[in-house]
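Please read them alongside the coordinates.

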Protein chains: 2
Amino acid sequence: MSDASFFRSRWVQPPDWVTSQIPGGLPQGFRAAGVACGLKESGRLDLGLMVAEGEHVTSAIRFTSSAVLAAPVVVTRDRAKAGALRVVAVNSGNANAATGGRGMDEAARMQGAAAMACGVAEDNVAVCSTGVIGVQLDGRKVVRGLLDAGRELGPCGEGAFAKAIMTTDKFDKRASLTIELSGGPVQLTAQAKGAGMIQPRFATMLCFVQTDARLSEETADLLLGVTVKRAFDRISVDGQLSTNDTVVLQCSGASAVSVAPESEDEVRFGQALDALLRQLALEIIRDGEGSRRIARVSVRGGNHGAGEVVARAVANSPLVKAALHGGDPNWGRIAQAIGGALYGSPSIAFDIAIEGVQVATAGAALPHDEAALAQLVARDEVEYVIGLPGDGHEAEVFFSDLSHEYVTINAEYTT
Amino acid sequence: MSDASFFRSRWVQPPDWVTSQIPGGLPQGFRAAGVACGLKESGRLDLGLMVAEGEHVTSAIRFTSSAVLAAPVVVTRDRAKAGALRVVAVNSGNANAATGGRGMDEAARMQGAAAMACGVAEDNVAVCSTGVIGVQLDGRKVVRGLLDAGRELGPCGEGAFAKAIMTTDKFDKRASLTIELSGGPVQLTAQAKGAGMIQPRFATMLCFVQTDARLSEETADLLLGVTVKRAFDRISVDGQLSTNDTVVLQCSGASAVSVAPESEDEVRFGQALDALLRQLALEIIRDGEGSRRIARVSVRGGNHGAGEVVARAVANSPLVKAALHGGDPNWGRIAQAIGGALYGSPSIAFDIAIEGVQVATAGAALPHDEAALAQLVARDEVEYVIGLPGDGHEAEVFFSDLSHEYVTINAEYTT
């Protein structure tokens, strides 16, 4: 069933060879489950299992760059084959981060239990956790839960899986695409979570992608690396890098349709994956804790990486974000963020356009229709374009606003 | 009249030779005024004038390091004698920033009008502005207002002056100290403003300090430079550097008590100024838009400036700030901020203590009395001490929490 609503942002153009369906069923060669193992006190689903089957399974993975790594990140990085991940086991409700040697033991135990539940070797298993930091994970619950999940695996289990990985998310983030390749159609599905602690350079998030296309390990790794950089590396809810971020691409190869290196199919598959991850990244900031609207800041020009610094500074400025929340076209906040980002530099002659309306040029205000602009910034998506002197590449960051609900959620998360 | 309440933070220890009075009257040789010239639509005071008189006037000044400088900052920096500022003219309600050539003209006109109103040369006048960015300053109102203010100058005008420099401040920030020096007592008074857009490396704030002690230009500059670094450089409300920050120290010399270079009196005066500016800096974050409580983060250890990076990251983390607001002892947020600040580094074995309670060591949680800790973090001031491997110097930052009111204020500032 066709679903035009997935690619709903003007900032993501899906290629012609991609169609989106209402999610309901995994690609060939995948089974999944989501169960409640008791980590969440609410009794909600909190443990997910995703399994790729067959002889042609390949995979790729990316992790957070935080200097404080959660135990499951370390265990997966050090004890799993990145190119041969058959199983992904994920719990929510506890991040298993800052938990020391005991936390490492629990992550390894989770890996072992998932391997046993699915009948694969331990180094074919990735483990992920999300939730509160600094609390020991109750491994007995996880082990019991994984054995339950192993019995519930099914070809339509990704709905429960997607719910099991949620924490403060207000909605689950899923997609199901068909990509037309030269050898025939392949399926691409994904489940993501993330709402707070989201930062460019990798969001605080988890994302799991499945396809029945046949990819080499190298192709999977190349395409995931490039597309993550354009998606989850370019979003910010609150400038906060997480200890647990993980993105996994699993390819079952069950469709028998190959994506050969340096082929036209590789381009087609890569562009589909790019559109998928960018839209999911936007879903994450749209769910940014309490978010009312989202924005894109694009910086053109600048020297020595100034554009990148300015784009991130604007996206992470609480003043800019609060103005975005209020539908306030107060571009002085953007001018202030530019100046602060480049502190110590000589005076900068910046240009600012909001939704195509030029409000400042060469560092000074330009007359414009303020009432019309106020209407433009009250919509769902707002675009800021900043020009700096210099010839730097364009740098973009997508971000959410700063809301009362963000404060409420984050003032009362553990207590 | 003695006032024990000014030095109310445990983080500031005034020296024995300093006493604090309830503000009411400037040091000898100063007159001030505050008037309403119509820049604030509310009709509140929005223009202040501070004048030092006599033959021994010296001064020192520090500005924001933003790459986007407001017109009054540029005019004062380029057209005033930093060591001979007899007059300071300040308006609120308009920052005169990002206003181009016309804004520069208006700032110069403000300088000229203040000089005329007080009968001094233009290069003896510093001008400052605070308020909305990107809107042209109505210079006619300012000129008229300065002439009015010139007629109202008086030895007790600093109360109106302090009110005239406020924007979103909920309370005025003033102090009056007596310092015992070897040659007799001298007076030190100050007025500061600032509540939002406050960042280490210089807060979004204005601060004006007056003394009747006799200082050379060099001594005034040295002491102001050192004490600003320990005060306004070490606070953050929201990590946002402003376009307008200015701190001015004016010395009338009218007491005839000298502060000689490299003397014991220089130490005594410097320590008094240090305590004054640090307490005023804490007042600014205490007034941090919607602030309920303030905190100090101190980082010990770390290599290559890591301590400084971590201290600023913790102070600016919206997750840490929201937890502070909620009185939530969720130290996982601090662990996350450490990891994000040092992204790309190998895993960091951090220690964290909150109000003296060790909650994590070598990167892992430590058992502690959570109920007792929850009570400790619900008080007015909360202290976080972070240990990192390495032998870096201690780095400290003072910061406010993130509140609903911050969002309200900043979502609706211009509209």
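**Notes on salt bridges, burial and domains**

1. Arg10(B) has a relative accessible area of 37% and is therefore partly exposed. The model is a predicted one, and the accessibility values in these points are computed from it.

2. The side chain of Arg10(B) forms a salt bridge with that of Glu381(B), at 3.2 Å from N to O. This pair links distant parts of the chain, 371 residues apart: Arg10(B) lies in the segment before strand 1 (18-21) of chain B, and Glu381(B) in strand 16 (residues 381-388) of chain B. Glu381(B) is buried, because its relative accessible area is 10% and the cut-off for buried is under 20%.

3. A further bridge in chain B joins Arg77(B) to Asp78(B), with 3.0 Å between the closest N and O atoms. Arg77(B) is partly exposed, its relative accessible area being 44%.

4. Several residues of chain A are joined by salt bridges that share partners: Arg278(A), Arg296(A), Arg300(A), Glu383(A), Glu394(A) and Glu396(A) make up one network. Over all chains, the structure holds 47 salt bridges.

5. Which residue does the side chain of Glu308(A) meet in a salt bridge? The partner is Arg234(A), and the N to O distance is 3.1 Å. The two residues are 74 apart in the chain and link distant parts of it: Glu308(A) sits in helix 7 (residues 306-316) of chain A, while Arg234(A) sits in the loop between helix 5 (217-230) and strand 10 (235-236) of chain A.

6. Are the two partners buried or exposed, or partly exposed? Glu308(A) counts as partly exposed, with 27% relative accessibility. Arg234(A) has 13% and so counts as buried, given that buried means under 20%.

7. On the domain level, chain A is divided into domain 1 (18-286) and domain 2 (294-411). The centres of domain 1 of chain A and domain 2 of chain A, taken over C-alpha atoms, are separated by 33 Å.

8. Thr58(A) belongs to strand 4 (residues 58-63) of chain A. Its relative accessible area is 10%, so Thr58(A) is buried. At 2.8 Å, the side chain of Thr58(A) reaches the backbone oxygen of Leu215(A).

9. Leaving aside residues up to four places away in sequence, Thr58(A) touches Leu215(A), Ser216(A) and Glu217(A), among others. The list of contacts of Thr58(A) also includes Gly83(A), Leu249(A), Gln250(A) and Cys251(A).

Note on methods. Residues are numbered from 1 along each chain as its sequence is written. Chains are lettered from A and ligands numbered from 1 in the order in which they are written. This is a predicted model: local features need pLDDT of at least 70, side-chain atom pairs count only at pLDDT 80 or more; totals for chains, interfaces and linings use all residues. Side-chain values use heavy atoms; hydrogens and water are left out. Domain bounds come from an automatic or database domain assignment. Helices (H or I, at least four residues) and strands (E, at least two) are DSSP runs, numbered from the N terminus. Buried means under 20% relative accessible area, exposed over 50%, partly exposed in between (1.4 Å probe, protein chains only). A polar contact is a pair of N or O atoms within 3.5 Å; within protein, one must be able to donate a hydrogen and the other to accept it, and residues adjacent in sequence count only if both atoms are side-chain atoms. Contact means heavy atoms within 4.5 Å. A salt bridge is a side-chain nitrogen of Lys or Arg within 4 Å of a carboxyl oxygen of Asp or Glu.
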